[in-house]
Number of protein chains: 2
Amino acid sequence: MHGKPKKHILVCVQRRPQDHPRGCGCADRGGAAVYQAFLDEFAKLELWDKGFLLTDTGCMGPCDQGPTVVVWPEGVMYLGVKPEDARVIVDEHLMFDQPVERLLAPKEIWG
Amino acid sequence: MHGKPKKHILVCVQRRPQDHPRGCGCADRGGAAVYQAFLDEFAKLELWDKGFLLTDTGCMGPCDQGPTVVVWPEGVMYLGVKPEDARVIVDEHLMFDQPVERLLAPKEIWG
């Protein structure tokens, strides 16, 4: 544990049954692989020691457009994240505070 | 889905095995019951419609002092949360932006 993180990265891996009629699809859509890709980046770059926290989560909402990644405190939501995007999010957003525009959830979902 | 939430409440239910040598104990310490208590509050007060988001999570760090609850964007961490605390956190922190002092993680952990 390294104190309150400067950023908290949440990756939906949907580990619980959903009340939602359409269910929650992040796991089926590759959420676990995305989480693993972030874990790999965290290990490689020692991001835990640099003030970042990574947590796997249950549903964060727009299941049918997952895998979903949320970054706090700025409250950025990414949709349709692929494992290879983890490095881009780390390199641009975590390191340089530049959210990855092409992955941002539309304002109708997370406006 | 109701847009970007004004607060995102994360409750550790520790659903995954941990690399951490001491493991991650929130589930054993009642994390699922705490999450259920928040779900009940969300349903009763229709908090989803009022700009709040609730998500169950994997490990957020100080497992041996869980169950752990984190509230973003302010980045407040609560430790040792009991199911009956969910209503207090909702009534004081979510409704009136007054974090519940007695449950706050110490600065050594989340400073």
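This is a predicted model: local features need pLDDT of at least 70, side-chain atom pairs count only at pLDDT 80 or more; totals for chains, interfaces and linings use all residues.
Let's start inside chain A. Two packed helices are described by the angle between their axes and the distance between the axes. For helix H1 (residues 31–45) of chain A and helix H2 (residues 85–96) of chain A, the axes come within 8 Å and cross at roughly 55°. Angles from 65 to 115 degrees would count as roughly perpendicular and those under 35 as roughly parallel, so H1(A) ends up oblique to H2(A). As for handedness, H1(A) crosses H2(A) in the right-handed sense.

Now for who touches whom. On the H1(A) side the contact uses Ala37(A), Phe38(A), Glu41(A), Phe42(A), Lys44(A) and Leu45(A), and on the H2(A) side Ala86(A), Arg87(A), Ile89(A), Val90(A) and Leu94(A). Sort the residues of this contact by class and you get 8 nonpolar, no polar and 3 charged.

What do the charged ones do? Side chains of opposite charge can pair when their charged atoms come close. Here, Arg87(A) and Glu41(A) form a salt bridge between their side chains, at 3.7 Å from N to O. The two partners sit 46 residues apart, with Arg87(A) in helix H2 of chain A and Glu41(A) in helix H1 of chain A, and the pair links distant parts of the chain.

Hop over to chain B for its pair of helices. Helix H1 (residues 31–45) of chain B packs on helix H2 (residues 85–96) of chain B at an angle of about 55°, and the axes are 8 Å apart. That makes H1(B) oblique to H2(B), and the crossing is right-handed. In this contact, Ala37(B), Phe38(B), Glu41(B), Phe42(B), Lys44(B) and Leu45(B) of H1(B) meet Ala86(B), Arg87(B), Ile89(B), Val90(B) and Leu94(B) of H2(B). The class tally for H1(B) with H2(B) is 8 nonpolar, no polar and 3 charged.

So how do the chains meet each other? Between chain A and chain B, about 2300 Å² of area is buried, and carbon and sulfur atoms give 63% of that. How many salt bridges does the rule find across the interface of chain A and chain B? The count there is 0, while the structure holds 10 salt bridges over all chains.

A few backbone spots deserve a look before you go. In chain A, Gly66(A) and Pro67(A) are joined by a cis peptide bond, with omega about 0°. Pro67(A) belongs to the loop between strand E2 (52–57) and strand E3 (69–72) of chain A. In chain B, the peptide bond from Trp72(B) to Pro73(B) is cis, and its omega is near 15°. You'll find Pro73(B) in the loop between strand E3 (69–72) and strand E4 (76–78) of chain B. Finally, go back to chain A and check Glu46(A): its phi is near 50°, a positive value in a residue other than glycine. Glu46(A) lies in the loop between H1 and E2 of chain A.

Methods
Residues are numbered from 1 along each chain as its sequence is written. Chains are lettered from A and ligands numbered from 1 in the order in which they are written. Side-chain values use heavy atoms; hydrogens and water are left out. Axes are lines fitted to C-alpha atoms, for helices over the stretch in contact, and angles run from 0 to 180 degrees between N-to-C directions. Helices (H or I, at least four residues) and strands (E, at least two) are DSSP runs, numbered from the N terminus. Angles under 35 degrees count as roughly parallel, over 145 as roughly antiparallel, 65 to 115 as roughly perpendicular and the rest as oblique. A crossing is left-handed if the near helix is turned anticlockwise from the far one by less than a right angle, and right-handed if clockwise. Contact means heavy atoms within 4.5 Å. Ala, Val, Leu, Ile, Met, Phe, Trp, Tyr, Cys and Pro count as nonpolar, Asp, Glu, Lys and Arg as charged, and the others, Gly among them, as polar. Buried area is the accessible area (1.4 Å probe) that two parts lose on being put together, summed over both. A salt bridge is a side-chain nitrogen of Lys or Arg within 4 Å of a carboxyl oxygen of Asp or Glu.
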